[in-house]
Amino acid sequence: MKKAVVIFGIAAVLIAAVCAAGCVASDPLVGKWATDSEKLGVSCVYNADGTGEWSIHLGSLSASIDIAWSKLSDGKYSVSTNNEVVSALKSVFPGDGTMTVTFSEDKKIAVINGIEFVRKA
């Protein structure tokens, strides 16, 4: 009985350590974000593996594109996509493929390239 209690205690400590390690390493950008605009809705999903999706909703019309992202430094991220429409727009509106993000202290609001997004559950 005493041996079972010791084994259970060690297992509980190991599980807690693994869970805590996963929480610490998460980037604040990871998660679901959306604008609060009723006219033009933009939502973004940034996955921990560096993939994601941007969606734009205008009335009954909507479009989504898959993206890849990576952190360059605090508040600076690189974003890329293989979407042909986005690639064509880059030739008209050239940019360096980066986005600047400022997070609120509680990480529930992110201003991404000047547009405010709210973290969604």
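Is Asp-74 buried or exposed in this model? With a relative accessibility of 72%, Asp-74 counts as exposed. Here, buried means under 20% relative accessible area, exposed means over 50%, and partly exposed is in between, using a 1.4 Å probe and protein chains only.

Before we go on, a word about the model. This is a predicted model in which local features need pLDDT of at least 70 and side-chain atom pairs count only at pLDDT 80 or more, while totals for chains, interfaces and linings use all residues. Residues are numbered from 1 along each chain as its sequence is written, and side-chain values use heavy atoms, with hydrogens and water left out.

## The overall layout

The chain contains two helices and eight strands. Both kinds of element are DSSP runs numbered from the N terminus: helices are H or I runs of at least four residues, and strands are E runs of at least two.

Of the 121 residues in the chain, 21% are buried. The chain exposes about 8,600 Å², and carbon and sulfur atoms supply 65% of that area. Accessible areas come from the Shrake-Rupley method with a 1.4 Å probe, and for residues only the protein chains shown count as cover. Contacts tell us about the fold as well: a contact means heavy atoms within 4.5 Å. Among contacts between residues at least 6 apart in sequence, 31% join residues at least 24 apart.

## Salt bridges

How many salt bridges does a search of the whole structure find? The search finds three. A salt bridge is a side-chain nitrogen of Lys or Arg within 4 Å of a carboxyl oxygen of Asp or Glu.

| Lysine | Aspartate | Closest N and O atoms |
|---|---|---|
| Lys-71 | Asp-27 | 3.5 Å |
| Lys-120 | Asp-36 | 3.9 Å |
| Lys-71 | Asp-74 | 3.4 Å |

Let us start with the pair Lys-71 and Asp-27, which form a salt bridge. Lys-71 lies in strand S4 (residues 61–73) and Asp-27 in the loop between helix H1 (2–24) and strand S1 (31–34), so this pair ties together parts that are 44 residues apart in sequence. Lys-71 is partly exposed at 39% relative accessibility, whereas Asp-27 is buried at 14%. Asp-27, Lys-71 and Asp-74 are linked in a network of salt bridges.

Now for Lys-120, which forms a salt bridge with Asp-36. Lys-120 lies in strand S8 (residues 115–120) and Asp-36 in the loop between S1 and strand S2 (41–46), so the pair ties together parts that are 84 residues apart in sequence. Lys-120 is partly exposed at 37% relative accessibility, and Asp-36 is exposed at 58%.

## Inside and on the surface

In soluble globular proteins, nonpolar side chains tend to be buried together. In this chain, the largest nonpolar core has 16 residues, and those with the most contacts inside it are Leu-29, Trp-33, Tyr-46, Met-99 and Ile-112. A nonpolar core is a set of buried Ala, Val, Leu, Ile, Met, Phe, Trp, Tyr and Cys residues joined through side-chain atoms within 4.5 Å. S2, S4, strand S5 (76–80), S6 and S7 each supply at least two residues of this core.

Leaving out residues up to four places away in sequence, Leu-29 touches Tyr-46, Trp-69, Tyr-77, Met-99, Phe-103 and Ile-112. Ile-67 sits in strand S4 and is buried, with a relative accessible area of 6%. Beyond its neighbours within four places in sequence, Ile-67 has contacts that include Tyr-46, Trp-54 and Val-79.

On the surface, Leu-40, Ile-56, Leu-58 and Leu-61 form a nonpolar patch with about 380 Å² of accessible area together. Patches are made of residues with over 30% relative accessible area and no salt bridge, where like charges are joined within 9 Å and nonpolar side chains (Val, Leu, Ile, Met, Phe, Trp, Tyr) within 5 Å. Ile-56, in strand S3 (residues 51–58), is partly exposed at 44% relative accessibility.

## Two backbone angles to look for

Most residues other than glycine have a negative phi. Lys-107 has a positive phi of about 65° although it is not a glycine, and is found in the loop between strand S6 (98–103) and strand S7 (109–112). Asn-113 has a positive phi near 50° and lies in the loop between S7 and S8.
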